[in-house]
Amino acid sequence: MSGREATFDTVLVANRGEIALRVVRTCREMGIRSVVAYSTADRESAAVRAADEAVHIGPGPAKQSYLYPPALIEAALRTGAQAVHPGYGFLSEDPDFAEICARNGLVFIGPRPEVMARLGDKSLARRLMTDAGLPVLPGTLEPVGSASEILAAGHRVGFPVIIKAAAGGGGRGMSVVRRAEDLLPAFRATRAAARSVFGDDRVYLERFLERARHVEIQVLADGHGNVVHLGERDCSVQRRHQKLVEESPAPGLPRRIADAFAEAAVRGARAVGFTGAGTFEFLVAGEETAFIEVNSRIQVEHPVTEAVTGIDLVREQIRVAAGLPLSVTQDDVRPRGVAVECRVNAEDPARDYAPCPGELTEFVPPGGPGVRVDTHAYPGWRISPYYDSLLAKVIVWAPDRDQALDRMDRALAEFRIAGRGVRTTVPRLREVLADPVFRAAEHSTSLLDEMAAAPGVRLAG
């Protein structure tokens, strides 16, 4: 095949939804045959239709399909795949799965298992990054195992504090504690939740930053010693610690702080021997800044970085996994304009963002200049109760932030989504775009709570 890079002949996509379709598309452009693993609930998915081959791996519940390594490995071996792309979520940051892949002669498209294991332990990652010179919030550098330890740590650090699951992720396994008398109940509840969700009840404590901005740095690294950063994203608009709106660059963030975060991320990636696509996450409140964690995978919000840099992050992941060097140097990375991403979830904001499964009777994504929509949905698609409620990501690009936000509002207004019982986050997203605090880039991770509490404000459901 003329011009084809020496990567893989066939890649198994061990995921579903829009990210599975996203990976299939890049594989197609790279001349790689794609195989999508699907559950019974996803038999009619867009990714299944788009892939060169699809393999049924089990019933709807994720533990019996997308979280079941034997079925995924069998699918890869049976279809002649040389590599496995895990997408995000599910097994994407599971070092055991990466090791199983290696034992079966399959390349896991991501960091080495030992690196993932070290960064996946949030408490250990915090200590590693401290050693690498990154700023961290006051707190514990080791998991806290007893009531006396958590009480001592809380009083030493000062309130408010946040208790986090060492194995946590996806906005789960965290408790904010504002008063000393609430610390022990929160400690016990967080450990119980961590044990239930992650199978690991270790927790740690750090000071909680009020009205902080959530800023993250996208990095790429290869096995030849090359590490580059692709600028920053602001992901401060969140509900229950889960992101709704992301943008790049971070508006209103002093350039010196953004540059310091980027330099720290590259230093941290080098310190642990990171390879592939990853993200270093930070908090900033005034002049106070702190590293919080590393995500060792492609992220939901990666398209905003792609929009401002023109770099296909999935392609770079695949190239690096095949042993090739990065296709770009730091000097090649020249972000331009502003990109914004809004997550359209099948949720009811009026019922605390409760999921809204059901069949879509209408689904017409927006278009026009500067608009990209990553989605797996279509009319007739049944939103499953088994999985995440993400329906689509709307990404816009424009020369400046005001134009980007106006373009996003226009795109969301065009979006037509209907189905019995199906509600979406579109009305809430448009309220955020119109909010004067958000428009002025003076918002924080508390934005949605503050909007709900504002006198006379009635948020759309």
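This is a predicted model: local features need pLDDT of at least 70, side-chain atom pairs count only at pLDDT 80 or more; totals for chains, interfaces and linings use all residues.
Let me start with a pair of helices: helix 7 passes helix 8 in a right-handed crossing, where right-handed means that the near helix is turned clockwise from the far one by less than a right angle, and left-handed that it is turned anticlockwise. The contact, counted as heavy atoms within 4.5 Å, is made by Ala147, Ile150, Leu151 and Gly154 of helix 7 and by Leu183, Leu184 and Phe187 of helix 8. Sorted by class, that contact has six nonpolar residues, one polar residue and no charged ones, with Ala, Val, Leu, Ile, Met, Phe, Trp, Tyr, Cys and Pro counted as nonpolar, Asp, Glu, Lys and Arg as charged, and the others, Gly among them, as polar.

Residues are numbered from 1 along each chain as its sequence is written, and side-chain values use heavy atoms, with hydrogens and water left out. Helices (H or I, at least four residues) and strands (E, at least two) are DSSP runs, numbered from the N terminus.

Back to the geometry: the axes of helix 7 (residues 147-157) and helix 8 (residues 183-198) come within 10 Å and cross at roughly 125°, the axes being lines fitted to C-alpha atoms, for helices over the stretch in contact, and the angles running from 0 to 180 degrees between N-to-C directions. That makes helix 7 oblique to helix 8, since angles under 35 degrees count as roughly parallel, over 145 as roughly antiparallel, 65 to 115 as roughly perpendicular and the rest as oblique.

Helix 7 also lies across strand 6 and strand 8, running at about 15° to strand 8. These strands belong to an open sheet of three strands in the order 7-6-8, with antiparallel pairing, where two strands pair if DSSP finds at least two bridges between them. Strand 7 (172-177) and strand 8 (203-207) stand at the edges with a single partner strand each, so one side of each has no neighbour in the sheet. Strand 6 (residues 161-169) and strand 8 pair over five bridges, and the bridge partner of Lys164 in strand 8 is Tyr204.

Now the other sheet, which is open and has eight strands in the order 13-12-9-10-11-14-21-19, again with antiparallel pairing. Its edge strands are strand 13 (288-295) and strand 19 (371-375), each of which pairs on one side only, and the twist averages 25° from one strand to the next. Helix 12 (residues 401-414) lies across strand 11, strand 14 (338-345), strand 19 and strand 21 (390-398), at about 145° to strand 21.

Which residue does Lys393 meet in a salt bridge? The partner is Glu18, at 3.0 Å from N to O, a salt bridge being a side-chain nitrogen of Lys or Arg within 4 Å of a carboxyl oxygen of Asp or Glu. Lys393 lies in strand 21 and Glu18 in helix 1 (residues 17-29), so the pair ties together parts that are 375 residues apart in sequence.

Finally, helix 1 packs against helix 11 (residues 313-321) at an angle of about 65°, with the axes 9 Å apart, and the two are therefore roughly perpendicular to each other.
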